[in-house]
Amino acid sequence: LVLVDGIRMSDVQTSHYALDLAVPLGSIERIEILHGSASTLYGADAVGGVINIITRRGASATVARASTGTFGTFGGGAINGARLGSATLTTSADYDQSDGYRLGTDYRIGQGRIALSAPSANGRLDANLGIGIRDFGANTFYAPYNSTEATSTITGDLRWAAAVGRWALATTIGTRRHTDRFTLIKENPSVYENRHTNWQSSAEVVGRTSVGNAALAIGIEGMRASLR
């Protein structure tokens with residue numbers, strides 16, 4: 001199972017798109033890995049473990065990178081943080097492309113992300129919006145043709161954590177829309193094309209409090225996924 005800041009990114013129906021993320025390299029703070037089965041806490045798709053990507057918040061400086069290589073390979077990215085009163089705004093983006101080592105193995109990958117953190121009544125509000133676009137050659141990968149594939153991922157989430165009386169409440173709402181267009185023969189798209197859109201949204205509310213020497217947690221979550 002792949003998570004970004006605790007939000008489920010794995011497609012429930014097409015799991016091989018799990019790494020079609022919208023997380024530029026510069027915005028990654030750390031990656032947490034839970035080995036072994038975690039299905040008790042995270043569901044059946046976590047039977048092999050959990051990967052949780054934690055993004056940076058409140059970056060205080062601008063950091064940039066650039067790279068180049070053979071076969072027309074180059075790329076770059078940057079992350080910038082700014083303070084807006086008591087809130088912080090972090091923006092990041094990167095782009096990589098290559099002509100590929102042979103015909104039909106070219107790729108172009110672009111990603112962008114905006115993260116906002118601000119104090120709210122007795123707590124904190126966090127919001128994220130990301131987009132990732134990938135266009136790549138799939139020559140002889142699925143069939144003996146010069147095939148191509150293009151995918152796009154849009155993610156958004158909103159979290160609010162606050163103290164309400166004796167309770168610590170945490171609310172999370174997230175959504176992920178993924179599209180895929182596969183063309184069997186690049187030079188003649190009319191022969192066969194496959195397009196699908198996967199859209200999944202989730203919401204979670206968890207309350208925690210102390211009862212004497214015991215800790216009590218009560219929560220509810222829901223998810224809706226569709227494939228067209």
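Which residues line the largest cavity? The lining consists of Val-4, Ile-7, Met-9, Leu-21, Ala-22, Val-23, Arg-113, Thr-155, Gly-156, Asp-157 and Thr-175. The model is a predicted one, in which local features require pLDDT of at least 70 and side-chain atom pairs count only at pLDDT 80 or more, while totals for chains, interfaces and linings use all residues. Residues are numbered from 1 along each chain as its sequence is written, and side-chain values use heavy atoms, with hydrogens and water left out.

Three cavities of 30 Å³ or more are present in the structure. A cavity is defined on a 1 Å grid over the protein atoms alone, as a set of points where a 1.4 Å probe fits but cannot get out; a pocket is an open set with protein on both sides within 12 Å along at least five of seven lines, and lining residues have an atom within 4 Å of a point. Grid points are joined across faces, edges and corners, and a volume is the space filled by probe spheres set on the points. The largest cavity holds about 50 Å³ of space. Its lining comprises six nonpolar, three polar and two charged residues, where Ala, Val, Leu, Ile, Met, Phe, Trp, Tyr, Cys and Pro count as nonpolar, Asp, Glu, Lys and Arg as charged, and the others, Gly among them, as polar. Strand β10 (residues 146-164) contributes the most to this lining, with three residues. Strands and helices are DSSP runs numbered from the N terminus (E, at least two residues, for strands; H or I, at least four, for helices).

The largest pocket has a volume of about 720 Å³. It is lined by 25 residues, of which Gly-6, Tyr-42, Glu-204, Val-206 and Glu-221 are the closest to its centre. At least two lining residues come from each of β2, α1 (39-42), β10, β11, β12 and β13 (214-227). By class, the pocket lining divides into 12 nonpolar, seven polar and six charged residues.

Two of the residues that line the largest cavity, Val-4 and Ile-7, also stand opposite each other, Ile-7 being in β2. Strands β1 and β2 pair in the antiparallel sense over two bridges, pairing being assigned if DSSP finds at least two bridges between two strands.

Strands β7 and β8 run antiparallel and are joined by 11 bridges, with Thr-88 opposite Ser-117 in β8. Strand β8 also pairs with β9 (residues 123-139), again in the antiparallel sense, over 14 bridges. Within this pairing, Ile-109 has Arg-134 in β9 as its bridge partner. The two strands β8 and β9 form a hairpin with two residues between them, and Asn-122 in the turn has a positive phi of about 60 degrees.

The whole structure contains 14 salt bridges, a salt bridge being a side-chain nitrogen of Lys or Arg within 4 Å of a carboxyl oxygen of Asp or Glu. One of them joins Arg-113 and Asp-5 at 3.5 Å, N to O. This pair links distant parts of the chain, 108 residues apart: Arg-113 is in strand β8 (residues 107-120) and Asp-5 in the loop between β1 (2-4) and β2 (7-8). Arg-113 is buried at a relative accessible area of 6%, and Asp-5 is buried at 13%. Buried denotes under 20% relative accessible area, exposed over 50%, and partly exposed the range in between (1.4 Å probe, protein chains only).

A second salt bridge is formed by the side chains of Arg-65 and Asp-96 (3.3 Å, N to O). Here Arg-65 in strand β5 (residues 63-69) and Asp-96 in strand β7 (residues 87-98) are 31 residues apart. Arg-65 is partly exposed at 31% relative accessibility, as is Asp-96 at 22%.

Glu-193 and Arg-181 form another salt bridge, at 4.0 Å, N to O. Glu-193 belongs to strand β12 (residues 193-211) and Arg-181 to strand β11 (residues 167-183), so the pair ties together parts 12 residues apart in sequence. Both are partly exposed, Glu-193 at 32% relative accessibility and Arg-181 at 35%.
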